[in-house]
Amino acid sequence: MEQIIKPKKPFNVTLYLLIIPVLLWLVVLIVLPHLDLLVSSFKIEDDSGAMVFSFDNYIAFFKEQIYWLTFVKTAAYAIGVTILAFVITFPIAFYLTKVISKKNAAFFILLLLIPLWVGELVTVYGWMVLLGDHGIINHFLMTIGIIDEPINMLYTNFSMILGLLYMSMLFMVVPVMSTLESLDDSLIEAASDLGASKWTIFRTIIIPYSMPGIVSGAIIVFMLVIGDYLAPNILGGKSSLWFTEQIYNKFLTTFNWNEGAAFGFLLLMLSSGIIWLALKLSGQKLDKVGGS
Amino acid sequence: MSNILEIKNLTKRFGDFTAVENVNFTVRDGGFFSILGSSGCGKSTLLRIIAGFEEETEGEVFIRGESMKGIPPEKRPVNIVFQHLALFPMMNVRENVAFGLKRLKLDKTEIDSRVNEMLSRVGLEGYEKKDVTALSGGQRQRVAIARSLVMKPSILLLDEPLGALDRKLREHMKVELKQLQREIGTTFIYITHDQSEALVMSDDIAVMHEGKFEQIDTPRNLYKEPKTAFVAGFVGDSNRFELERNEGDTLFTKNGWKINKKGLKDKPDVLYIRPEALIINPSSDLTDVETFEITIKTILFDGSNTKLATIVTGSTEELLISLPQNAEFDGLEEGHTLQVGIHCDDLKCY
């Protein structure tokens, strides 16, 4: 009996069943609508009312200064908010992973998560209550006599940035914490033993080590901010000029779906382009960043 | 030769727990000094105090006669090789080794020449651009040592750096480390729980137990003349016998064995005998040798480390005897009786 019995690889039904929801999600909710948008962004109505192929929707964007100014402002502010989110949350992440005990850290992380429980709309209205002309902060400052006139904080870029930061910051903390957790304390000690000052250790050991976490956090924050609608619209008011509002206006105010689709694609290309550039500049690979 | 390190009345407490208790010692310049102790005896804490990562509760550390009180790790003339090496994973071999030199703000040509010299000394030429994560255990070891030695420290501290290596490589690195230390002449202070590492490499060894130094001596003296019961039991293998009493020069063990030891002074509690100190079938012309009879219970074969587990005739005491593998005793079997002798200097009483 020299026969080698090769077991037939069984057709793994469960595996395919498990993949189906993911595939459905991707195809039906993401790929198909985007294809549809892409097609409609290249269409305009001609004089007879028929839809014809054209680049006019995209040309309209570059012709009108207000559109691409908004576009540039949105990109610049989104980058700024991402950087601010990093500057504010990195010490928090460092403190939670390296300074206090694991037990206390778990409690503080829970506290950090609370804003997520109530949803963005509620927190945005919360900021309005705080920042308004008759809001809590102005009322307090006037009561103790520091100011006579209320400071105009609401419906400014300041309030918009606050709102954007508040809703996105947490998504920076978590990935940064997970890379910092794997940083062996003896690396910090070794650097200090070799004569590095605190600042040098931070610059040459801690930051490079946590780069994958920082970049993955930055991508999430940037995407959330650049595509956010509530905070710029409600907290930034009419003057905020966020690109998502332009898209919203195209779809729902002027009912020009084709131009709206073109704007949507421009935003997608903008955010993808900036992320690509950021990955190149920081020397990170997308698969490595996603794995952290 | 002068002393490079002096530790005076050093004590370290963590709350109620005393990790290091009133330790005093000196290390001479250019020596290889080991601190040997089981895990948790305070040896790592002691090393961290010398490096400056922990602050002493009492006492003082002097390096080249200068007090190190309040001087942070980055300003001390010592460098440390960590237990898990702590190589910087985001840097290649060259960047790791050059890290400390860059902090000194030396010019690039000097950094390059010192890094190259050190890498060739530890046998890592051609590995400059390699990622440290892509190296083997032994190579990583060498990078860690090179990274510290390139700083030309007064003292190099090593915290069980061979612990993570497999046995063969460890044996090899032992010899290599010792050679490297001789060549460059830097003082090494080496922490280990592995007595063989300490015995092979060191000029002097301190045996540490529960935060205190039991004995500081040369490897040979630690083995031959242990000063305390702990050292006798810890360094090398030993048979341990609880003593009931002694009458003059005769010792009585708890389980009914009596043996003579010449020149006994005070009343001892325990007796230690090394398995390799026992002579099987001693010739009658040896002087100062006590002879007695044993019965072989089992033969514990372990290559060069083979031992006989025996019972001393006339008692229930068990005694391990080293069995040389030189064909002389190949005929031995379980149940045989043998005459065994021991020189009375090898009967260690405490």
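**Close-up views of a predicted two-chain model**

**Figure 1. Five strands of chain B form an open sheet in this predicted model.** The strand order is β13-β12-β11-β14-β20 (chain B), and the pairing is antiparallel. At the edges stand β13 (258–260) and β20 (348–349) of chain B. Each has a single partner strand, so one side of each is left without a neighbour in the sheet.

**Figure 2. Strand β11 of chain B pairs with β14 of chain B.** β11(B) covers residues 239–247 and β14(B) covers residues 270–273. Their pairing is antiparallel and runs over 4 bridges. B:Arg240 has B:Tyr272 of β14(B) as its bridge partner. For B:Glu242, the bridge partner in β14(B) is B:Val270.

**Figure 3. β11(B) also pairs with strand β12 of chain B.** β12(B) spans residues 250–253. Again the sense is antiparallel, with 4 bridges. B:Thr253 in β12(B) stands opposite B:Leu243.

**Figure 4. Chain B holds an open sheet of 4 strands in the order β2-β1-β4-β5.** The pairing is antiparallel. β2 (17–28) and β5 (66–67) of chain B are the edge strands, and each pairs on one side only. Strand β1 (residues 3–14) of chain B is joined to β2(B) in the antiparallel sense over 8 bridges. In this pair of strands, B:Phe14 stands opposite B:Phe17 of β2(B).

**Figure 5. Helix α1 of chain B packs on the four-strand sheet.** α1(B) comprises residues 43–51. The helix touches β1, β2 and β4 (58–63) of chain B. Its direction makes about 60 degrees with that of β2(B).

**Figure 6. Chain B is divided into two domains.** Domain 1 of chain B takes in 3–233, and domain 2 of chain B takes in 237–349. Taken over C-alpha atoms, the centres of these domains are separated by 39 Å. At the contact, domain 1 of chain B supplies 4 residues and domain 2 of chain B supplies 5 residues. The domain 1 side has 3 nonpolar residues, 1 polar residue and no charged residues.

**Figure 7. Helices α2 and α13 of chain A pack against each other.** α2(A) covers residues 56–63 and α13(A) covers residues 257–282. Their axes lie 8 Å apart, at an angle of about 70 degrees. α2(A) passes α13(A) in a right-handed crossing. From α2(A), the contact is made by A:Asn57, A:Tyr58, A:Ala60 and A:Phe61. From α13(A), the partners are A:Asn258, A:Glu259, A:Ala262, A:Phe263 and A:Leu266. By class, the residues of this contact are 6 nonpolar, 2 polar and 1 charged.

**Figure 8. Chain A meets chain B.** The contact takes 15 residues from chain A and 16 residues from chain B. On the chain A side, the elements that give two or more residues are α9 (185–193) and α10 (198–226) of chain A. α9(A) gives the most to this side, with 6 residues. The chain A side divides into 7 nonpolar, 5 polar and 3 charged residues.

Terms used:
Residues are numbered from 1 along each chain as its sequence is written. Chains are lettered from A and ligands numbered from 1 in the order in which they are written. This is a predicted model: local features need pLDDT of at least 70, side-chain atom pairs count only at pLDDT 80 or more; totals for chains, interfaces and linings use all residues. Axes are lines fitted to C-alpha atoms, for helices over the stretch in contact, and angles run from 0 to 180 degrees between N-to-C directions. A crossing is left-handed if the near helix is turned anticlockwise from the far one by less than a right angle, and right-handed if clockwise. Two residues are in contact if their C-beta atoms, placed from the backbone, lie within 7 Å. Ala, Val, Leu, Ile, Met, Phe, Trp, Tyr, Cys and Pro count as nonpolar, Asp, Glu, Lys and Arg as charged, and the others, Gly among them, as polar. Domain bounds come from an automatic or database domain assignment. Two strands pair if DSSP finds at least two bridges between them.
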